[in-house]
Amino acid sequence: MVNSKNNENTDYLDQEIIRKLSENGRIPFSELAKELKVSNSLVHLRVKKLQESGVIAGFSVKLNAKANGFETITYTGIATKEARFAYSIAEQLKLIPEIVECHWVSGKYALFIKIVAANNEELRKIIYEQIHIIEGVGGTDSFISFGSAFEKNLPIH
């Protein structure tokens with residue numbers, strides 16, 4: 001068993017728990033405990049601590065865009081008419097279900113978003129009929145994704 005009072009062992013255990021959960025978020029804690037040669041209750045305790053500290057932000061199901069009818073994926077930069085509009089624009093973007101990510105960025109754009117749409121026509125409607133009408137939006141530039149080369153989780157240090 002790992003002595004949880006030893007920071008070095010606890011750090012190692014936490015990294016292993018994170019690594020294994022990153023590989024398979026559905027692994028039962030009992031199986032995780034068996035693989036790591038620790039008690040089930042210690043795994044529960046460490047995961048709870050990792051969640052409380054914010055290291056683990058949550059557990060979710062990752063949906064496949066194409067399998068759910070979203071053929072078009074785009075990354076769109078949004079320029080604002082004035083910087084003061086950025087926060088209110090972001091609040092309005094939250095209300096558009098097809099916008100699945102929104103980031104504050106530096107440079108030409110104030111915001112960079114990820115949009116999923118059924119097709120290019122739906123994308124056009126989202127951009128011109130929903131985004132461009134938001135007060136303070138100065139313009140958009142979109143970059144259509146042809147597919148993902150790879151996606152990965154954060155590196156574990």
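In this predicted model, Tyr 87 is exposed, having a relative accessible area of 60%.

Three aromatic pairs occur in the structure. In one of them, Tyr 87 and Trp 104 lie 4.6 Å centre to centre with 50° between the planes, a tilted arrangement. This pair links distant parts of the chain, since Tyr 87 belongs to helix 4 (residues 86-93) and Trp 104 to strand 2 (residues 99-104), 17 residues apart. Elsewhere, one aromatic cluster is formed by Tyr 109, Phe 112 and Phe 143. A further ring, that of Phe 85, has the charged end of Arg 84 sitting over it, 4.3 Å from the ring centre.

The largest nonpolar core comprises 19 residues, of which Leu 93, Ile 115 and Ile 131 touch the most other members. At least two residues of this core come from each of helix 4, strand 3 (111-117) and helix 5 (120-131). Leaving aside residues up to four places away in sequence, the contacts of Ile 115 include Ile 73, Ile 99, Leu 123, Ile 127 and Ile 131, as well as Thr 72 and Glu 98. Another core, of 14 residues, lies apart from the largest one; Ile 17, Val 38, Leu 50 and Ile 56 are among its members.

For residues 13-71, an unreviewed UniProt entry lists "domain: HTH asnC-type". Over this stretch the chain is 54% helix and 0% strand, and its end C-alpha atoms are 41 Å apart.

Conventions. Residues numbered from 1 in each chain as written. Predicted model: local features only at pLDDT ≥ 70, side-chain atom pairs only at ≥ 80, totals over all residues. Heavy atoms only, no water. UniProt positions renumbered as here; feature names shortened; annotations may be inferred. Helix = DSSP H or I, 4+ residues; strand = E, 2+ residues; numbered from the N terminus. Phe/Tyr/Trp six-rings, centres within 6.5 Å; stacked < 30°, edge-to-face > 60°. Buried < 20%, exposed > 50% of the residue type's maximum accessible area, 1.4 Å probe, protein only. Lys NZ or Arg CZ within 6 Å of the ring centre and 35° of its normal. Core = buried A, V, L, I, M, F, W, Y, C linked by side-chain atoms within 4.5 Å. Contact = heavy atoms within 4.5 Å.
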